[in-house]
Amino acid sequence: MYRLIQTLNRTAFIKATIAAFAVIVLVVLGSRNLQNFDAALIAYLMGAIFAVFGVAYRYSVWLQRPPTRLYWRRSMQFLFSRDFPFYFVRSIRLFFQNILFQRFIYHRSRTRWIGHFLLATGCLIAFAVTIPLTLGWIHFEFKPGNNMLYYAKVFGFEMGSFELGSFVAFMAFHALVWCSVLVTIGAVMMVKRRLTDGGLIATQTFEGDWLPLILLIAISITGLGISYDYTFLQGKTYQFMAVIHAVTVILFLVWIPFGKFFHIFQRLAQLGANLYRYEGRKRGMAVCPHTKEEFATQLHIQDLKEVSKELGFDFTLKDGSSHLDLSPEGKRAALAKAHFEARKNAGAFFG
Amino acid sequence: MAKLPSSVESIIDQFGPHKGYTPKEGFPGVHEPDKLVKTHCCFCGMQCGIQLKVKDNKVTGFEPWMEFPFNEGRLCPKGVQRYLQNNHRDRLLAPYKRVEGKGFERTSWEEALSKTVSEIQRIQNSHGRDAFAMLSGVSLTNEKSYMVGKFARVALKTANLDYNGRLCMVSAGAGNKKAFGLDRISNTWEDLKHAEVIIIAGTNVSETFPTLTHYIWQARDNGAKLIVIDPRVTPIARTADLHLPVRPGGDSALFGAMLKILVDNDWLDHDFIDNYTSGFQESIDAVKDYDLAWAEEKTGIPAAKIQQAAEWWGKAKTSFLLHARGIEHHSKGVDNVLSCINLVLATGRIGRPYCGYGTITGQGNGQGGREHGHKCDQLPGNRDITNPEHRKYISEVWGIDEKEMPGKGLSAYEIIEAIHRGEIKGLITICFNPLVSLPNNNFVREAFEKLEYYVAIDFFLNETARHADLILPGSLHEEEEGTVTTAEGRVVKINQAVTPPGEARKDSDILIELAQRLGVGDKFAYKKAEDTFNELRVASKGGTADYFGITYEKIEKNMGVFWPCPSEDHPGTPRLWEDKKFKTPDGKAHFNPVPYREPSEVVDMEYPVVMTTGRVVSQYLSGSQTRRIGKLVDQYPEPLLEIHPKLAYQYGIKDGDEVMVKTRRGEAVFPAQLVETIREDTVFIPYHWGGKQSANQLTIGTLDPVSKIPEFKVCACMLVPTGKIASIKIKESAFQSF
Amino acid sequence: MQNPQYNQQMEFFVDMQRCIGCHACEMACAECETNGQESMIHIHYVERAVSVQTTVQVCMHCDDPVCANVCPADAITKDDFGVVHTANTSRCIGCSNCVLACPFGVPKKEEKAELMMKCNMCYDRTSAGKKPMCATVCPSQALFYGTREEIEKLRPNSTPVNKFLFGQEEVNTKVNIMMPKGSTELRIHD
């Protein structure tokens, strides 16, 4: 972000506009010219389209930053190389491991992982349910002549059926309830951490850390409110419940590109970084001239020299080598040696 | 008692040492402690102030105590990690008895105590009272040290009580008593700050007293010249203005030669020498032949450096001389100390601001613990057990008949020798791990295998206690209230943070209960630590280490009181000798002639290399505490053999090779660490480990004739490379940050 | 992260020649509540075979942090006090760009956690008006946290320097290194 802040990024704007239009086209196609579109969801749709625009815009700006662009380019280059099958399989595996199961968070802290996993799983399932519904890609209808058998249609094509009142129906119609429960438990665990952990208390911000949790809890609770209303109150408060739920969800959608939730999209870059490391190791490791030990891939060091130059940092030394050829320990030792010499030349270590 | 009751592996499995770490997210409740307890670090004589975090009667962390004047929050790695003991899986939570073939099994306090008492009585009835001995330690508070002294004399009625200070400060204590009639550093650390010249002899301040470094660095900021005398370039020596790499054992030759240079150049304070000292002429006569060429040969230090050191010392207006175990752990430890004192007295720089001298006391309560009577020859107030008046006074305080008071007993190592000879049959230890900390420990182990009954009081099962018949779980530093006297003579308050966990009891409660069962409960009617302290105050009254005017309240209010403090309205004595009235019988400071002697074992064709031992910053004494703290272990996981590349080359030893070090007493294998920071004729091994890694299998048990300190710091060895390379992990974790 | 108790008069001063290599800072660093028992400070021998010289390295908190610039995930930010914060845990992708680009060798990659962590000058403590853990405990005061006036008084013959030259590149930092009186910069390579 440091040297590339621009008021409006033209490339990103174009890409985001295309993405938003693409969604609209898909809505039209998916809902068979809007005949399957649920008009009650129009506000959600607008929010979703805005979110797509925003995410695409930010993603595009993000990818223009030299280090990000490099990672993107390298990831694509390695993925679509001769080793495609290998890297593809590896990516799928990593996708499950790191994106769906967020295993790396387990190594940061166990309770944190449990909280995050519940929260993320709830969100992802909820997305999987609501996005197709909102965009009109999925809808349910009774089989003509049989008002006990329900059809699920995807893009207008019949994809399966189940009986009303069956277990499957119960689970399907209440999917969002289960999601809300998962999200709420997870979010409450995260809230507890933020209330008690001294380190988090010192560094957290309202908009960066608390607002997302509050939003998630609000969405879940208001969503549960709707279910509660039609299950136990015969829809007496439906209007109220529906409106406040819609408000929270739309706030959430509109805020995705700006706030913490953007990390859901950024996280994918972790897969790229993994491929980059793997390919780099295959190509050869860099050895630190000070410690005489391998410390990083040559590819990485070489790329970093270029990227940092592009960003305005040139660590090239007189003899043509670079300060970046040193490992972190080597750099620290170089600084210490220079300091020692300076002190020694001055004739006193103290004073 | 015979060999171990079961395999050493199974004992370690049950009792450790295991490496304890703080959980990743901290101990439960660490973010919301119930209280912060102001107390002190349990390691080393600096006794840095620290606050312990307590949650649900468990120590869960620490917070720096910025207001305590000595360290203002500063700590060494041991201090930072000291909180990891109370909550440790190895913490002894119940009495254990030895069960042959099985190891140790839990037993009840009732059974444990009644068995102990019956064994004491059985052994004393059949072999005499002195056949049951007691060994103690000075990690104990003043109150407990005092109580141990009284317990041994009044309850056990044995003469054979000694303590692990015998391996620590006794040479300095003996030297100071001879020269000054009193055993305490002359000045507080504050007086280091403006000393023009500082000599530190045989003390690796940077690793053994890290928090003292700040005072030395401040002095250097103010222009002080630092002279370090050490066979190794320790971190404190690295940037020193002058480093004198003395060959182990050559210290008194160096100081003798320096004294001669002072005399030859008349860098003397004649007024001070004439009016306030005695024995000057005899002392300089003793060194009249110690010229630079001779000194260079004896010490291995280039003559020019000796000359330079003497010149700086001689011409300085203010100065401070500090020494520690490096010159004291010798069969001539007292001589070395006296030769240092001669330099101080010759220049008259004592008893004034920024003019000081002293030993840096090593153990947590090395100072207070050596004053109040758990030495074999001593009674509270640093009184002499052979002096009829002293005996009479203390007998009165204790309410016993003076005739009942045992006489002078054997010193620590002599007790072990007496056990080995079969003269001592029973032993009780508290806070002492002789199997690791005494020299020639194969001999020590044989002795322990001969005991008929051995009971150990401790909070962790140390290596020696594995040989015990009975283990009584005592208390940690943070589990009992009391006072400690720091290396600068400041009496400070140890506050109880938590109660002993499980069935563990306070050390003092164990001693009191044993005393009751031995029929002298009325002499031990203490309800709390302060009662003991108040009795100690009276017992020390009129002695050289006079605590009479010190109260708990006064300590807390002033963050410590410096003894001597003879009355309640007395402010304490931070700087001694300002009145130049010394505590010797003639009131003068005494020069003592120090003719040079060789160490008890010198190198020869068979054992051609000088071996010395010492410490590392992450470990404390025999390691029974610090080898259980994970990060401290990881910092330096096992002993390495420091060897100069030139010496290594002669044997074809490369960095990381395994080397067997052999002496006349034993052999042990260590990975070699090739460093140019040690003399070319000397190898160094840190001693904090037990078993096969114990450096004290190799050291020599020769004692100083006066102080009875063993000669840990010099012996002769041979080096035999095993041809194997030590495993990489040792090297990595020992050298690198983690 | 807006804490009114952050005292901007207080600065960090390092003098590696005072360091005795005891590792107290490293142990204490792990107690900082923002790091969860991980130590962020680096302390090691420079070349043990020839010297016991050690070096100690905290984050220098650069004016224009290279780590933040090379971060592909925008995970590193500098706040209004000039503190460069550790990686935002939700953004960091564990690529190690910062680890390898930092000219002082500061950031650490926690491999399994796929997370970079670095010194934030004990933000939990400094933002509450306390000293950072490392500088609090440092027994040699190689790490010193206090005002400029204090250090000038304590160490009259030294000058704090915060300009470092790595070849052509000039890096200016919030943290100072104590140099011989009159120094204006520290050149790392000849």
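Select chain B first: 64% of its 738 residues are buried, a residue being buried if 20 or more other C-beta atoms, placed from the backbone, lie within 10 Å of its own. This is a predicted model, in which local features need pLDDT of at least 70 and side-chain atom pairs count only at pLDDT 80 or more, while totals for chains, interfaces and linings use all residues. Residues are numbered from 1 along each chain as its sequence is written, and chains are lettered from A and ligands numbered from 1 in the order in which they are written.

Colour chain B by pLDDT, the predictor's confidence in each residue, from 0 to 100. The mean is 95, and 98% of the residues in chain B reach 70 or more. Then select residues 730-738 of chain B, where pLDDT stays under 50. Where pLDDT is low, the predicted coordinates should not be read in detail.

Move on to helix 5 of chain B, residues 170-180, in which nine of the 11 residues are buried. Among them are Val170(B), Ala174(B) and Phe180(B). The cover over the buried residues includes helix 14 (325-328), helix 15 (333-346), strand 13 (355-359) and strand 22 (589-590) of chain B. Just after the helix, Gly181(B) has a positive phi of about 80 degrees.

Finally, show chains A and C together. Their contact takes 56 residues from chain A and 58 residues from chain C, where two residues are in contact if their C-beta atoms, placed from the backbone, lie within 7 Å. On the chain C side, the elements that give two or more residues include strand 7 (158-166), strand 8 (169-180) and helix 3 (97-101) of chain C. By class, this side of chain C has 26 nonpolar, 23 polar and nine charged residues; Ala, Val, Leu, Ile, Met, Phe, Trp, Tyr, Cys and Pro count as nonpolar, Asp, Glu, Lys and Arg as charged, and the others, Gly among them, as polar.

Conventions. A residue is buried if 20 or more other C-beta atoms lie within 10 Å of its own, exposed if 12 or fewer, and partly exposed in between; C-beta atoms are placed from the backbone. Helices (H or I, at least four residues) and strands (E, at least two) are DSSP runs, numbered from the N terminus.
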